[in-house]
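Please work through the following exercises with the sequence and the 3D structure open beside you. Try each task before you read its solution.

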Amino acid sequence: MRFLFLLFMLFVSANADVYTQRLYETILGSIFKERPIFVFATGDAKATLQRSKIFSIVADCQESDVAILGDDFSLEQKCKNVPIFATTNRSYMYIADAFGAFYWNKGRPQIHFRKRGLKMFHLSLPHDLQRFIDAE
Amino acid sequence: MQNNFFLKKSFYIFYVTVIVLILSAVYIFKTFDKTSSDIEQLTLKSNIEYINNIASNVSSLINKKTDMNLVQSLKKSRALRNRLQEDLEMFQTKRYRYVYVVQKIPNTIKFRFLLDGAKKDKSGFLESFQPFNTQQWLDTYTTKSARYFSHKEIKSLWLTYLKPIVQHNKVVGIIAIDFSLNEYNYMHNTLNDLSFSVKIFMSLLLFIFIVVLIFATIDKKRVYLLKKQAQEIQDFNITLQNKVDEEVAKNREKDKQILEQSRLAQMGEMIGMIAHQWRQPINAISATSIAINMRAQMETLDQKSAIELADKIGELTQHLSKTIDDFRNFFKETKEKQDMTYGDLIQSTLDIVGVSVKNKNITIDTDIQSDIVFHTYVNELKQVLLNLIKNAEDVLEEKKIENAFIKIKAVENRLIVRDNGGGVPEDIIEKIFDPYFSTKTLNGTGLGLYMSKTIVETHCGGTIRVTNDTEGAVFCVVLPSNK
Ligand SMILES: Nc1ncnc2c1ncn2[C@@H]1O[C@H](COP(=O)(O)OP(=O)(O)O)[C@@H](O)[C@H]1O
Ligand SMILES: [Mg+2]
């Protein structure tokens with residue numbers, strides 16, 4: 001319920017950036033238990049995550065717990081054996097191993113999880129998020 | 001009582017006015033709220049109607065171009081998709097932010113795009129879509145009817161309008177339009193602000209009115225109190241005046257009594273004076289009767305001398321009778337003013353008292369340099385002069401002064417009586433006009449000068465005062481000459 005409310009806030013808020021940050025914290029924070037969570041990120045996502053306390057940006061993708069990739073999917077090569085979380089629909093489609101994605105479409109937050117990716121890296125979702133798992 | 005009633009009435013009016021004002025304020029607020037919500041509803045309604053038109057146009061456009069099977073046609077022809085998307089783009093403006101068509105993925109509760117009118121970041125064909133308020137979207141499928149919703153909990157900036165595309169009596173997709181509520185919100189906020197201002201203004205007005213009324217009431221109370229005080233002072237003044245009048249009346253009564261007393265005292269003195277006046281004529285009568293007696297014995301009483309002697313006795317008797325009359329007149333109370341000069345006054349007084357004074361070896365000098373005619377209480381003034389003469393006589397007799405004299409002088413409106421009795425001692429000179437003040441152990445009443453002062457000053461409107469000169473006391477009476 002808290003999660004839904006957060007989504008709702010995201011939808012209606014003009015200050016979407018802060019809520020994007022919160023959403024990353026909620027989603028990734030509930031999947032990765034270690035603190036801080038070492039992330040490899042680029043672009044907008046990097047700027048957003050830098051403001052968060054639970055994330056720590058790393059320069060080398062191999063040292064990260066999770067890689068957050070946007071449309072620059074060429075970076076996928078650098079992130080072999082690292083769970084990938086996509087920030088656009090395109091990258092989510094392109095990177096078949098990505099375990100999930102979060103992006104905005106028509107002002108609505110779009111959240112996706114893929115069984116394949118989750119299994120590959122032994123990631124488990126909290127109950128709240130399970131309804132976002134894509135059908136095969 | 002009247003004032004009290006007025007106060008109560010004004011309080012009554014005050015309360016009624018306040019209640020009426022509050023009621024009308026409430027009415028105005030209600031009307032305003034209703035009107036503003038009517039305006040909002042109307043605006044929303046016209047907006048919805050407009051969107052409805054757009055959606056209908058989009059719907060008929062799609063129906064016209066897709067040979068009765070939307071999804072199949074779109075799947076087959078990329079060109080058709082592009083053409084339709086271009087059409088949708090035309091409807092998309094700043095206000096109609098997103099215009100797109102989605103389809104429920106069969107056998108799930110998830111959605112995917114069929115067409116997207118977005119100009120950039122266009123969603124792909126069959127790309128998944130997670131709407132918000134999913135239930136509303138699902139309901140559009142089941143009810144086959146258009147709907148719109150915003151987010152009631154929080155003032156939403158967006159309103160989503162959903163219209164089902166029906167083919168073969170089946171919903172094959174939903175036309176979704178995200179509509180900006182910015183203008184609507186702006187209006188809503190403006191109306192709210194206005195309503196707030198109106199409320200503040202009305203409250204302020206009410207407040208001011210109440211304050212003014214309260215002050216007016218307080219002021220009225222104050223004025224009432226002032227009036228009451230003024231009334232009390234007036235009442236007090238009246239009672240004071242009454243008291244003063246009472247006292248004055250009492251004083252008059254006392255004066256009357258004192259005058260009575262002094263008159264009685266003077267009566268006593270008069271008897272002495274009459275005795276003096278009568279001594280000489282009675283002696284003469286006695287001598288005449290002896291003469292008659294002797295002539296009769298010597299038989300020398302002829303008719304002529306008998307008549308002469310009888311006439312003499314008659315004359316003397318006449319004189320006695322006249323003296324009595326004079327005294328009677330002197331002490332008769334005349335209520336009316338009469339004309340007199342100081343000469344008349346002095347003459348008639350000396351007629352009464354002259355003999356008795358002269359018998360005591362006191363010279364009486366008169367010097368009249370006044371012919372003013374006073375219209376005044378003559379008899380009372382005679383008593384004053386009599387008093388002054390008697391007092392002088394008393395002091396001269398007591399001190400056994402040699403060459404004693406009393407000088408009576410009238411100059412214009414002044415009457416001066418002086419003696420050579422040594423004057424009034426300085427330590428009592430202030431008190432000699434007080435009632436019952438006397439230095440005489442025998443026969444002193446202390447009323448003579450008090451009575452004289454009363455007559456001169458109160459009755460006749462003049463003044464009387466005393467000074468001492470080198471020889472004795474000087475009493476000066478001044479009468480108002482123009483009366
Ligand atoms: N001519 C005067 N010379 C001196 N003392 C006087 C004279 N006239 C009045 N007095 C004083 O004033 C007093 C008051 O006089 P008055 O009022 O006539 O009362 P009374 O003659 O009965 O004493 C006298 O007792 C006397 O002492
Ligand atoms: Mg006297």
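**Exercise 1.** Determine how many helices and strands there are in chain A, and in which pattern they follow each other.

*Solution.* Chain A contains 5 helices and 6 strands, where helices (H or I, at least four residues) and strands (E, at least two) are DSSP runs numbered from the N terminus. Reading along the sequence then gives the pattern α-α-β-α-β-β-β-α-β-β-α. This is a predicted model, in which local features need pLDDT of at least 70 and side-chain atom pairs count only at pLDDT 80 or more, while totals for chains, interfaces and linings use all residues. Residues are numbered from 1 along each chain as its sequence is written, chains are lettered from A and ligands numbered from 1 in the order in which they are written, and side-chain values use heavy atoms, with hydrogens and water left out.

**Exercise 2.** Locate Lys106(A), decide whether Lys106(A) counts as buried or exposed, and find polar contacts of its side chain.

*Solution.* Begin with the loop between strand E5 (100-105) and strand E6 (108-113) of chain A, which is where Lys106(A) lies. Next, Lys106(A) counts as buried because its relative accessibility is 5%; buried means under 20% relative accessible area, exposed over 50%, and partly exposed in between (1.4 Å probe, protein chains only). Finally, the side chain of Lys106(A) makes polar contacts with the side chain of Asn105(A) at 3.3 Å and with that of Asp116(B) at 2.6 Å. A polar contact is a pair of N or O atoms within 3.5 Å; within protein, one must be able to donate a hydrogen and the other to accept it, and residues adjacent in sequence count only if both atoms are side-chain atoms.

**Exercise 3.** Describe which residues surround ligand 1 and which atoms of the protein pair with its nitrogen and oxygen atoms.

*Solution.* The shell consists of 17 residues, and the closest are Asn391(B), Ser438(B), Thr439(B), Lys440(B) and Leu449(B); a residue is near a molecule if one of its heavy atoms lies within 4 Å of it. Helix H8 (378-399), helix H9 (448-459) and strand E13 (473-478) of chain B each supply at least two residues of this shell. Turning to the atoms, a nitrogen atom of ligand 1 is 2.9 Å from an N or O atom in the side chain of Asp419(B), and an oxygen atom of ligand 1 is 2.5 Å from an N or O atom in the side chain of Thr439(B).
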